[in-house]
Amino acid sequence: MSLENLRMGSKILSVINGKGGSGKTTSALALAACFGERLGKVLLVDADPQGSASWVTRGMGETNLFDLAQETNPQVLAKLREVANYGVIIVDTPPALDDATVSLVASLSDYLVLPASPSPLDLRELTRTIQAVIAPTQVPYRVLLCRVDTRRRIEALQIQNQLRSSGVRIFDTVIRSRVALERFIVEGVPLTQYPGARPSAEEYRKVLSQIQADLAPG
């Protein structure tokens with residue numbers, strides 16, 4: 001599907017991080033499936049030249065819960081606001097802050113999700129992302145801690161509190177590291193339908209609910 005074939009306005013949610021391996025594409029796919037089961041009409045835009053989201057989605061066939069558009073051309077992505085017939089458009093952005101596509105899509109978005117692993121290097125990149133890309137747009141955002149070791153949940157909660165105290169907006173839910181989050185991608189099955197992925201799907205559903213609360217009028 002091409003974005004050029006679609007017309008007029010939807011809510012745009014972009015998933016952004018300047019560092020690869022942050023859980024960005026996994027989160028984009030998971031949120032697309034969760035929004036799809038709740039809203040029905042969801043479009044996932046793969047704006048990452050690596051095309052990982054497109055590769056995974058092609059294996060889903062009729063089980064898929066969302067439509068896909070693969071588009072990396074900034075001139076076409078600039079027309080995101082003209083897309084119609086979808087309640088939510090989720091954009092998986094390139095893992096590079098100096099990519100013009102990231103700044104463009106961020107400025108067009110209604111909401112930004114920033115996945116990050118709870119490691120010093122990832123958190124340093126996260127701070128850079130907020131300062132360089134997020135803050136200038138003034139678009140609402142939250143940080144999503146991903147790949148959290150289930151044995152180190154207390155440490156993740158401490159990191160959440162530290163980020164909040166420094167003024168960073170962060171989701172209440174963390175995404176724990178589980179085999180199912182790797183397997184649903186490899187096997188090309190929507191997260192919400194993958195056997196054994198119920199705990200991970202529930203975490204992303206909680207993230208979705210917080211996004212909807214943030215975007216609710218008033």
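I16 lies in the loop between β1 and α1, where helices (H or I, at least four residues) and strands (E, at least two) are DSSP runs numbered from the N terminus. With a relative accessible area of 0%, I16 is buried; buried means under 20% relative accessible area, exposed over 50%, and partly exposed in between, with a 1.4 Å probe and protein chains only. Contact means heavy atoms within 4.5 Å. Not counting residues up to four places away in sequence, I16 touches K24, T93, V102, A106, L112, V113, L114, P115, T129 and I134. I16 and E202 are 186 residues apart in sequence, and their C-alpha atoms are 22 Å apart in space.

The structure is a predicted model, in which local features need pLDDT of at least 70 and side-chain atom pairs count only at pLDDT 80 or more, while totals for chains, interfaces and linings use all residues. Residues are numbered from 1 along each chain as its sequence is written, and side-chain values use heavy atoms, with hydrogens and water left out.

**The chain as a whole**

The chain has eight helices and six strands, and along the sequence they follow the pattern β-α-β-α-β-α-β-α-β-α-β-α-α-α. A compact globule of 218 residues would have a radius of gyration near 17 Å, and the value of 16 Å for the chain agrees with this. That radius is taken over C-alpha atoms, and the globule rule is 2.2 Å times the number of residues to the power 0.38. Along its principal axes the C-alpha trace spans about 45 × 40 × 35 Å. Of the 218 residues, 53% count as buried. Among contacts between residues at least 6 apart in sequence, 78% join residues at least 24 apart.

**The nonpolar cores**

A nonpolar core is a set of buried Ala, Val, Leu, Ile, Met, Phe, Trp, Tyr and Cys residues joined through side-chain atoms within 4.5 Å. The largest one has 37 residues, and L13, F35, L44, I90, V113 and Y204 have the most contacts inside it. The elements that give two or more residues to this core include β1 (11-15), α1 (24-39), β5 (111-116) and α8 (198-215). The largest share, eight residues, comes from α1. A second, separate core of 23 residues includes I16, I134, L145 and V174.

V113 touches L13, S14, V15, I16, L31, R142, L144, F171 and I211, leaving out residues up to four places away in sequence.

**Three further loop residues**

D48 is found in the loop between β2 and α2. Setting aside neighbours within four places in sequence, D48 is in contact with K24, T25, T72, D92, T93, P94 and P95. D48 counts as buried because its relative accessibility is 3%.

Most residues other than glycine have a negative phi. N85, although not a glycine, has a positive phi of about 75 degrees, and Q138, also not a glycine, has a positive phi of about 60 degrees. N85 is placed in the loop between α3 (74-77) and β4 (88-92), whereas Q138 is found in the loop between α5 (120-137) and β6 (141-145). The table lists the accessibility of these loop residues.

| Residue | Relative accessibility and class |
|---|---|
| D48 | D48: 3%, buried |
| N85 | N85: 61%, exposed |
| Q138 | Q138: 74%, exposed |
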